[in-house]
Amino acid sequence: MNVPFGDLKAHVAGMRGEIDSAVARVLDSGWFILGPEGESFERELAAALGAQDAVGVANGTEAIQLALEALALGPGDEVITSPLTAAFTALGVMRSGARPVFADVDPVTLNVSPETVERAVTPHTRALLPVHLYGHPVDLDPMLERARRRGIPLVEDACQAIGARYKDRPVGAQSGIGALSFYPTKNLGAFGDGGAVLVNDPETGRRLRRLRNGGQTDRYHHETAGINSRLDEMQAALLRAKLRRLAAWTDRRRAIAARYHEGLAGCGVTLPVEQPYARAVYHLYVIRHPRRDALAAALREGGIGTLIHYPIPLHLQPAFAELGARKGEFPVAEKAAGEILSIPLYPEMTDEQVEAVIRAIREKAPAL
């Protein structure tokens, strides 16, 4: 049986009527930017994630950038984040004018930990930006305590973790501010790019709305040097329809993950471990194997799609060479980057497909 890594066609087919209705509603309205669909989506998103407010923006990268700018970060300020994540996390920091500083990751969760963050703090540290990697929450409370003690904000990169819970509370705004991405493959994906900033402070929310709209306080009155980063009405309407299904999709993801936990135990691969404080949403199900590339090739030959998230730690990417980090500086992240392999997990997977993935890994992994 061939099992693709993802299947967006099946995703669309499963809710085509709702999609068509949302599109028609926007087309009939004739309103395409900063209108009632966006306002409704922001309210519904904030309510679903336990935040006071949500501000729709063009993508997850700019959600990070604008969150930092709204907190008045800029040139000379350092922001501690993870080297094992999508490059867009650090790019968002750099677009704000600040400088990303990396902290090594925990060997089990692959998230930055309070201890690794503490070691990365310098006199120029002005914010913490932990990533809820693969949909598993960071251990937030001790990290928040460190941020409070130093009088600096903590911005949650929840771009991979919408709906995840830390100590039974949704991630994204527990710190007061956090970034979301609606890239099409995310657990709540748009039909193009999209993002949002969750926020609990009304004044910060107002600053974010100005910044995303060119710094305007009113039409053609630009108070600050903002950017053009607006979530359009079509994407907002589609996301409203999908938000109603998010809880059911999360339950299905967790059910598939539970079957993987059971079916892949003891077959020579390291499995993700959900921590006691966490309810993960399994944006990705990432296994580890010392001969990862050989395993990926063997699975591909057997019709099983895989991807690697992420093969090169950020401190070794040419785009971040100016930061001055060297190979060997973050050994846990570097080792993990050579072993991690994302296997298929999406709500539309059938039980037969799940079992096919398990059989293939149990057959291939021990032989390598």
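Trainee: By class, what residues make up the lining of the largest cavity?

Mentor: The lining has five nonpolar, no polar and three charged residues. Ala, Val, Leu, Ile, Met, Phe, Trp, Tyr, Cys and Pro count as nonpolar, Asp, Glu, Lys and Arg as charged, and the others, Gly among them, as polar. The residues themselves are Val117, Glu118, Val121, Leu128, Arg146, Ala147, Arg150 and Ile152. Keep in mind that this is a predicted model, where local features need pLDDT of at least 70, side-chain atom pairs count only at pLDDT 80 or more, and totals for chains, interfaces and linings use all residues. Residues are numbered from 1 along each chain as its sequence is written, and side-chain values use heavy atoms, with hydrogens and water left out.

Trainee: What makes a space a cavity and not a pocket?

Mentor: On a 1 Å grid over the protein atoms alone, a cavity is a set of points where a 1.4 Å probe fits but cannot get out. A pocket is an open set with protein on both sides within 12 Å along at least five of seven lines. For lining residues, the rule is an atom within 4 Å of a point. The structure holds one cavity of 30 Å³ or more, and the largest cavity has about 30 Å³ of space. Such a volume is the space filled by probe spheres set on the points, with grid points joined across faces, edges and corners.

Trainee: Which helices supply at least two residues each to that cavity lining?

Mentor: Helix 6 (114–120) and helix 7 (140–150) do, and the largest share, three residues, comes from helix 7. Helices here are DSSP runs (H or I, at least four residues), as are strands (E, at least two), numbered from the N terminus.

Trainee: And what is the volume of the largest pocket?

Mentor: The largest pocket has a volume of about 830 Å³. It has 40 lining residues, and the closest to its centre are Tyr183, Pro184, Thr185, Lys186 and His283. By class, there are 20 nonpolar, 14 polar and six charged residues in this lining. Helix 4 gives the largest share, three residues.

Trainee: How is the lining of the second largest pocket divided by class?

Mentor: The second largest pocket has four nonpolar, six polar and eight charged residues in its lining. Leu34, Arg209, Arg212, Asn213 and Arg230 lie nearest its centre. About 400 Å³ of space lies in this pocket.

Trainee: Why are helix 11 and helix 13 called oblique to each other?

Mentor: Set the angle against the cut-offs. The axes of helix 11 (residues 292–301) and helix 13 (residues 351–364) come within 10 Å and cross at roughly 130 degrees. Angles under 35 degrees count as roughly parallel, over 145 as roughly antiparallel, 65 to 115 as roughly perpendicular and the rest as oblique. The pair is therefore oblique. The axes are lines fitted to C-alpha atoms, for helices over the stretch in contact, and angles run from 0 to 180 degrees between N-to-C directions.

Trainee: How do you know which residues make the contact of helix 11 with helix 13?

Mentor: Contact means heavy atoms within 4.5 Å. That picks out Leu295, Ala298 and Leu299 of helix 11 and Ala360, Ile361 and Lys364 of helix 13. They divide into five nonpolar, no polar and one charged.

Trainee: Why are helix 4 and helix 5 oblique to each other too?

Mentor: Their angle is about 40 degrees, with the axes 8 Å apart. Helix 4 and helix 5 are therefore oblique as well. Their crossing is right-handed. A crossing is left-handed if the near helix is turned anticlockwise from the far one by less than a right angle, and right-handed if clockwise.

Trainee: At what angle do helix 4 and helix 8 pack?

Mentor: They pack at about 125 degrees, with their axes 9 Å apart, and are therefore oblique. Leu66, Ala67, Glu69 and Ala70 in helix 4 meet Thr204, Arg207, Leu208, Leu211 and Arg212 in helix 8.
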